[in-house]
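I keep these entries to record what I looked up in one structure. Each entry takes up one spot or one pair.

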Amino acid sequence: MTQDSSQAPPVLAPPVRSADGIRPAARAGLAALQAVVVGKDAQVRRAFAALLAGGHVLLEDLPGVGKTTLAKGLSRILGGTFQRVQGTNDLLPSDLLGVHLWDAKEQTFRFQPGPVFCHVLLLDELNRIGPKTQSAMLEAMVEGQVTLDRSTHRLPEPFFVIATQNPLDHAGTFPLPESQLDRFSCALHLGYPDREAERRILKGEAGSDRLEALRPALDLEGWKQVRAAVRTVRVSDAVMDYAERMVDRIRTGGGFCSTRAVKHWLGLAQAEAWLEGREFITPDDLQSTLADTMAHRGSLDDRRLSRSDRREQLARLLKELPVGWAG
């Protein structure tokens with residue numbers, strides 16, 4: 001296992017507390033991040049929306065396409081601490097969560113926090129980690145806390161996980177169980193940059209070379225206020241009805257769709273609406289976030305489908321299911 005950690009730049013953004021001030025500041029942070037992770041505006045925005053909604057992101061991609069840059073960029077925009085853990089099959093739960101050590105001077109056990117105690121955690125190659133250690137992250141990702149030896153330790157807030165996953169046919173990988181996949185609000189694929197974006201990266205005008213230029217868009221209390229504002233975005237009964245009918249179609253079609261998954265879906269839609277300056281979500285918000293939220297949660301029929309196949313099936317469901325009351 002290898003770890004690296006970095007503190008956000010020392011120059012912090014001034015406190016922003018007014019409702020009118022936090023949205024422009026958050027948008028400015030998103031724009032700054034998109035200027036570093038170039039050519040992937042939609043994916044960067046969706047990861048940013050997951051951060052605002054209090055979720056976590058799974059990146060399914062090949063090495064060297066910007067996953068670490070995106071994670072470090074988010075931590076710098078957030079203004080918090082960043083930790084990176086390289087997944088290996090011998091990684092232990094204590095390597096992530098921490099351990100109680102005997103303090104001979106104080107004659108007591110002292111808790112030594114693991115790398116999970118940060119604001120942004122990058123778990124590289126999550127599916128190279130064994131099932132026991134994978135399961136150690138479940139409580140942290142849902143409840144924002146770690147319980148060890150009957151002691152509970154709160155994680156920093158906000159807490160955000162970005163994990164990467166290799167293709168399952170790669171040597172030394174373990175399939176992620178549904179309980180683990182269900183903790184991620186969305187799964188994203190960055191892919192190779194286009195020619196113009198790649199040239200900017202190669203010339204040092206974007207990419208990891210430009211991370212030092214990023215500064216926190218808000219202080220940590222400001223980001224907590226953003227998350228609280230996102231949760232207040234209104235979901236009307238008509239929109240909720242549409243969401244419930246879509247969930248019924250996914251479940252009756254053989255897809256796994258937990259109540260947690262539905263909450264993640266609504267949360268992403270709320271974050272997207274909030275970024276647009278609206279205090280309510282529309283069916284368009286739900287439709288634009290459906291595939292990213294549901295494609296990684298289980299096949300929609302008895303065959304073993306790839307993520308792209310699942311996205312195609314979800315797209316067909318969107319076309320088949322009317323938005324109106326009649327279902």
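**Entry 1: A243.** I looked up A243 and found that it counts as buried, because its relative accessibility is 1%. Buried means under 20% relative accessible area, exposed means over 50%, and partly exposed is in between, with a 1.4 Å probe and protein chains only. A243 lies in helix α10, residues 237-252. Helices (H or I, at least four residues) and strands (E, at least two) are DSSP runs, numbered from the N terminus. Leaving aside neighbours within four places in sequence, I listed W265, L266 and L286 as contacts of A243; contact means heavy atoms within 4.5 Å. I also noted Q287, which is 44 residues from A243 in sequence and 9.3 Å from A243 in space, C-alpha to C-alpha.

**Note on the model.** The model is predicted, so local features need pLDDT of at least 70 and side-chain atom pairs count only at pLDDT 80 or more, while totals for chains, interfaces and linings use all residues. Residues are numbered from 1 along each chain as its sequence is written, and side-chain values use heavy atoms, with hydrogens and water left out.

**Entry 2: aromatic pairs.** How many aromatic pairs does a search of the whole structure find? I noted 3. Rings of Phe, Tyr and Trp (its six-membered ring) pair if their centres lie within 6.5 Å; planes under 30 degrees apart count as stacked, over 60 as edge-to-face and the rest as tilted. One of the pairs is F48 with W223, which is edge-to-face because the planes are at 80°, with the ring centres 6.0 Å apart. This pair links distant parts of the chain, with F48 in helix α2 (residues 41-53) and W223 in helix α9 (residues 220-231), 175 residues apart. F48 is buried at 0% relative accessibility, and W223 is buried at 2%. W102 and F109 also form an edge-to-face pair, with 5.0 Å from centre to centre and 70° between the planes. Here W102 is partly exposed at 46%, and F109 is exposed at 53%.

**Entry 3: α2 and α3.** I returned to α2, which packs with helix α3 (residues 67-78) at about 50°, the axes being 11 Å apart. Axes are lines fitted to C-alpha atoms, for helices over the stretch in contact, and angles run from 0 to 180 degrees between N-to-C directions. I recorded the two helices as oblique to each other; angles under 35 degrees count as roughly parallel, over 145 as roughly antiparallel, 65 to 115 as roughly perpendicular and the rest as oblique. V44, A47, F48 and L51 of α2 make the contact with L70, L74, I77 and L78 of α3.

**Entry 4: S185.** Is S185 buried or exposed? I found it buried, at 2% relative accessibility. S185 is in the loop between α7 (178-181) and β10 (186-188). Apart from neighbours within four places in sequence, its contacts include H56, H264, D292 and H296.

**Entry 5: backbone.** I found a cis peptide bond between E157 and P158, with omega about 0°. P158 is in the loop between β8 (151-154) and β9 (160-165). R150 is not a glycine, yet has a positive phi of about 65°. I placed R150 in the loop between β7 (145-148) and β8, and R150 is exposed at 84% relative accessibility.
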